[in-house]
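Hello,

Here is the structure I said I would pass on. My notes follow below it.

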Amino acid sequence: MIAGRLLPAAFLESDLADKPWSGVFDEATDRRVEKFTESVSFDRRLYAHDIRGSIAHANMLSKVGILSDAERHQIVTGLEQIADEILSGKFEFREELEDVHMNIERSLIDRIGDVGRKLHTGRSRNDQIATDIRLWVRDEIDKLSAAIERVQRAWIGRCEHDSGVILPAYTHLQ
């Protein structure tokens with residue numbers, strides 16, 4: 001409902017049961033709002049980092065006794081399957097689930113049932129994105145460092161190759 005009017009059914013296509021706030025509202029989210037608030041179109045690139053962080057979180061939950069080892073194993077196996085599907089292009093990201101976290105979490109719950117819901121214990125979506133971004137930045141720094149090293153090696157190789165080249169009017173660095 002917007003400004004007291006009911007919207008046409010075409011705008012209310014999403015399933016309320018898939019939303020983390022599904023018990024709060026009586027009506028489905030307006031499709032225009034979903035389009036405005038979704039981030040999965042660009043944060044899907046964080047899937048490997050999200051899954052890596054989720055596996056670490058599941059291991060911690062097991063270590064402190066919140067998850068049994070069998071539950072931890074189910075969660076880790078489910079997350080690894082999801083990662084394989086994403087990597088192979090078989091995973092379907094759903095815009096109405098908003099972000100990479102909810103897409104992975106929903107898929108995990110669909111695969112292993114309520115045990116998948118336990119993964120969210122002790123962390124928020126804000127915790128997840130902060131962790132994902134830190135892991136992504138760390139990986140990108142490693143890639144940049146490797147690229148810088150390749151450029152440096154290319155310069156050194158070029159210097160050795162061109163050591164005898166005379167540059168007329170070159171007076172700097174003398």
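How many salt bridges does the count come to? The count comes to 13 salt bridges. Please keep in mind that this is a predicted model.

One of them pairs the side chains of Arg52 and Asp139, at 3.5 Å from N to O. Arg52 sits in helix H3 (residues 47–63) and Asp139 in helix H6 (residues 125–161), so the pair links distant parts of the chain, 87 residues apart. Arg52 is partly exposed, with a relative accessible area of 41%, and Asp139 is also partly exposed, at 22%.

Another salt bridge joins Glu85 and Arg111, whose closest N and O atoms are 2.8 Å apart. This pair also links distant parts of the chain: Glu85 belongs to helix H4 and Arg111 to helix H5, 26 residues apart. Glu85 counts as partly exposed at 27% relative accessibility, and Arg111 is partly exposed at 30%.

Both residues are also part of the contact between H4 and H5. Helix H4 (residues 69–88) and helix H5 (residues 100–112) pack at an angle of about 120°, their axes 10 Å apart, and are therefore oblique to each other. Their crossing is right-handed.

Finally, salt bridges that share partners join Glu98, Asp99 and Arg125 into one network.

Regards

How values were computed: Residues are numbered from 1 along each chain as its sequence is written. This is a predicted model: local features need pLDDT of at least 70, side-chain atom pairs count only at pLDDT 80 or more; totals for chains, interfaces and linings use all residues. Side-chain values use heavy atoms; hydrogens and water are left out. Axes are lines fitted to C-alpha atoms, for helices over the stretch in contact, and angles run from 0 to 180 degrees between N-to-C directions. Helices (H or I, at least four residues) and strands (E, at least two) are DSSP runs, numbered from the N terminus. Angles under 35 degrees count as roughly parallel, over 145 as roughly antiparallel, 65 to 115 as roughly perpendicular and the rest as oblique. A crossing is left-handed if the near helix is turned anticlockwise from the far one by less than a right angle, and right-handed if clockwise. Contact means heavy atoms within 4.5 Å. A salt bridge is a side-chain nitrogen of Lys or Arg within 4 Å of a carboxyl oxygen of Asp or Glu. Buried means under 20% relative accessible area, exposed over 50%, partly exposed in between (1.4 Å probe, protein chains only).
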